[in-house]
Amino acid sequence: MDKDSAIVDAHDGRIIQFEGKFYWYGTSYGETNGFTTANKYLCYSSKDLINWEKQGALIPNQPEGVYYRPHVIYNKKTKKYVLWYNWYPKLWNGKFGVAVSDTPQGPFKIINDDVQMSRSEAGLGDFGLFVDDDGTAYISYNTINNHQVSIEKLDDSYTGSTMENGGIIAQHMEAGSQFKHNNKYYLLTDYTCCFCNYGSGARVYVSNDPLTGYTFTGNINRYPGKKALMLSDSVSRGTQYETLEKRPSGYDGIELQLEKHSSVNEIEISLFTGNRPENCGNVENPRVHPEINIPEFDFFTWQFDGWKPLKADLLTRESSALNESMRFTVNIEADRIKVVPKDSSATTALYINEITLFNNQQKLPFNGYISHKSIPQKPIIPAQQTYVMKLNTNAGEKFIWMGDLWGSASDNIKGHDYQYWSAPLNFKEDGTIYPLQWTDSWDYQPNK
């Protein structure tokens with residue numbers, strides 16, 4: 001709510017701090033479906049991220065069209081606030097426009113409503129702006145055709161492109177946001193998701209160069225597969241188990257996400273032994289169970305550039321009437337481990353009673369997920385990414401993931417849909433980012 005008790009109607013934009021005050025730029029949708037010429041850009045301001053004051057329209061008397069994605073940055077050389085926006089004189093003829101102002105709240109004056117980019121011929125869609133420490137500005141944007149994402153360097157005035165483009169980073173993506181942390185450059189984006197109420201993901205690309213060389217390091221807003229509840233509390237419950245299906249392309253795997261980066265030196269897997277083929281027709285010995293066919297396992301750990309195979313040695317193996325347990329010795333530092341059964345011709349499914357991770361005989365807590373290409377991933381936060389906001393705090397720079405919770409308004413008004421602002425992103429030692437977790441509330445102490 002703003003200070004006049006009206007719901008803040010500002011979406012798919014950004015919050016950025018100028019001279020100690022936060023400015024929230026966004027698209028106002030009101031009671032429309034979002035695809036009309038009624039869309040307009042609004043600005044709100046706040047000193048504490050809680051109490052907001054409506055500043056008004058950014059572009060008074062804007063030309064007729066459909067408007068999305070307002071982003072404002074400040075140019076220290078020209079002393080101008082520069083607004084970039086994505087607009088469509090007619091859907092879906094995407095263009096970028098640029099406007100400038102002497103103040104962060106505007107009003108902004110349009111100086112170019114058809115900025116030419118190196119990839120303009122493919123149509124221009126969602127985008128984000130980033131200013132590096134040396135004052136160089138970049139735009140990360142996707143085309144309309146195939147939604148191809150790339151990063152381009154802006155000119156010194158921040159009002160045009162130098163046409164220096166780093167090449168296609170990903171396809172079928174949108175809503176990119178670029179930032180810098182510990183001398184690494186990050187681009188967060190995900191698959192196209194048109195006002196989706198189920199939310200988008202947040203694929204993380206990392207590079208040592210602001211323009212090019214980006215490597216995909218994982219999706220921090222997607223569960224890797226189906227939640228394996230039986231494996232998340234390390235409790236054995238008799239004949240209850242997690243089923244790993246055998247598919248044409250191999251078995252389902254189990255991804256184990258540790259609560260924090262940890263040393264792991266033992267992995268124990270306990271199988272339910274009822275997974276034997278039928279014995280029908282063996283009249284000479286009809287009551288004897290077939291021999292249990294115990295598969296071997298492949299282990300993987302998540303590294304900066306993807307899953308890497310892990311060598312594991314069998315430590316012990318125990319049998320009982322209910323299960324067959326195997327303990328493997330490993331020596332790793334990890335926060336994500338994948339366990340995949342090797343093919344077993346006699347078994348169509350495996351039933352996992354329990355998996356336990358040990359660090360010097362101490363059990364390590366984790367969340368387990370059944371993963372396979374055929375098992376759809378689901379978002380952790382059901383929001384569509386808008387921006388990654390930088391906060392200057394007394395504990396240093398922090399980064400907040402922001403997204404629109406489309407369809408969340410109880411009065412069914414699009415402009416009243418909520419937003420989700422994550423707790424500060426948590427970075428690993430190798431520079432990658434831990435998965436998001438839903439946090440009901442958080443606070444921070446500003447750096448004064």
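**Ground rules.** I'm working with a predicted model, where local features need pLDDT of at least 70 and side-chain atom pairs count only at pLDDT 80 or more, while totals for chains, interfaces and linings use all residues. Residues are numbered from 1 along each chain as its sequence is written, and side-chain values use heavy atoms, with hydrogens and water left out.

**Entry 1: the largest pocket.** I looked up its volume and got about 1,000 Å³. (A pocket is an open set of points on a 1 Å grid over the protein atoms alone, where a 1.4 Å probe fits, with protein on both sides within 12 Å along at least five of seven lines; lining residues have an atom within 4 Å of a point. Points are joined across faces, edges and corners, and the volume is the space filled by probe spheres set on them.) I found 39 lining residues, with Ile 16, Lys 76, Val 131, Asp 132 and Lys 390 closest to the centre. Strand 1 gives the most to this lining, five residues. (Strands are DSSP runs of E, at least two residues, numbered from the N terminus.)

**Entry 2: the second largest pocket.** This one has a volume of about 680 Å³. I see 38 residues lining it, and Pro 224, Glu 255, Trp 307, Lys 338 and Gln 377 lie nearest its centre. Strand 16 (215-219) is among the strands that each supply at least two lining residues, and strand 16 gives the most, with four.
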